Amino acid sequence: VINSGLFTPNQSGIFNLVYSVGAGNCLRRDTVRVEVYALPVVTISPSSASICIEDSIELTANGADVYTWTPASGLSSTSNRIINASPASSTDYSVEGLSYSTGCVNKETVKIIVNPKPYITDKILSICSNTGFSVLPVNGTVDIVPSGTKYSWNAPLVSGNITGGAS
C-alpha cells in the first residue's frame with residue numbers, strides 16, 4: 001500500500017499497481033502496468049589509483065552505451081568510454097552511463113590520489129673509514145618525501161685516487 005502516490009521499486013520486473021482516487025461512493029479504482037528496467041552496471045577501471053602530480057592515468061568505463069564524465073577538469077574528454085585523467089590535485093571522477101535499450105542511467109565514481117613528485121637534494125658527508133652512515137631525506141627541508149616513498153641505493157661512485165685501503 002502506497003499512500004504517497006509514489007512508487008519507487010528497487011528491483012526490475014513488471015508490476016501491476018491498483019490505485020484509487022476519491023472516497024466513499026465517489027471512489028474510482030484503476031490499474032497501471034509498470035515495467036521496471038534494471039540499471040546499467042557501470043564500472044570504472046582501475047577502481048582507484050595514485051599518480052604523481054603532472055602525470056596522467058587512463059580510465060575506462062564499461063557497462064553502458066553512452067558515458068558522461070565529471071568534473072571536466074583534467075580530463076582528455078567528458079564523453080568517451082576511455083579517457084586520460086591528469087588532475088592537479090586528488091579528485092573524485094564520476095561517470096554516468098546511459099543504456100540505449102532501457103533509457104536508464106547509473107553512476108560510478110573513482111578516486112584519483114595525486115602525490116607530489118619526490119625531490120631529494122644531493123648530500124655531502126664526511127666520515128671516517130670503518131664507520132657507517134645513513135641518509136634519509138626529511139620533509140620540511142628542501143626535500144619532498146611523499147608517504148610510501150621507497151629508497152634504493154646504488155654502489156658508491158669513487159672519484160680520484162684512493163690510498164691506504166681498497167675501494
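Modeller: Let us begin with a term: two strands count as paired if DSSP finds at least two bridges between them. Please keep in mind that this is a predicted model. With that criterion, S6 and strand S8 (residues 91-98) pair in the antiparallel sense over five bridges, and Thr-70 stands opposite Ser-94 in S8.

Colleague: In which order do the strands of the open sheet lie?

Modeller: The general idea comes before the case. Strands of a sheet pair through backbone hydrogen bonds, in either a parallel or an antiparallel manner. Here, four strands form an open sheet in the order S4-S9-S8-S6, with mixed pairing. Its edge strands are S4 (48-52) and S6 (66-70), each of which pairs on one side only. On average, neighbouring strands of this sheet are turned by 25 degrees against each other, direction ignored.

Colleague: How many bridges join S1 and S2?

Modeller: Strand S1 (residues 13-21) and strand S2 (residues 28-36) are paired in the antiparallel sense over nine bridges. S1 and S2 form a hairpin with six residues between them. In the turn, Gly-22 has a positive phi of about 100 degrees.

Colleague: Is Asn-16 buried or exposed?

Modeller: The cut-off matters here: a residue is called exposed when its relative accessible area is over 50%. Asn-16, which lies in strand S1, has a relative accessible area of 56% and is therefore exposed.

Colleague: Which residues does Asn-16 contact, leaving aside its neighbours within four places in sequence?

Modeller: With those neighbours set aside, Asn-16 is in contact with Thr-31, Val-32 and Arg-33. Asn-16 and Thr-31 are 15 residues apart in sequence, yet 6.5 Å apart in space, C-alpha to C-alpha.

Colleague: What can be said of burial and contacts over the whole chain?

Modeller: Of the 167 residues, 20% count as buried. Among contacts with a separation of 6 or more, 44% join residues 24 or more positions apart. The chain exposes about 12400 Å², of which carbon and sulfur atoms supply 51%.

Key
Residues numbered from 1 in each chain as written. Predicted model: local features only at pLDDT ≥ 70, side-chain atom pairs only at ≥ 80, totals over all residues. Heavy atoms only, no water. Helix = DSSP H or I, 4+ residues; strand = E, 2+ residues; numbered from the N terminus. Axes fitted to C-alpha atoms, helices over the stretch in contact; angles between N-to-C directions. Buried < 20%, exposed > 50% of the residue type's maximum accessible area, 1.4 Å probe, protein only. Contact = heavy atoms within 4.5 Å. Areas by Shrake-Rupley, 256 points an atom, 1.4 Å probe, with all protein chains shown as cover.
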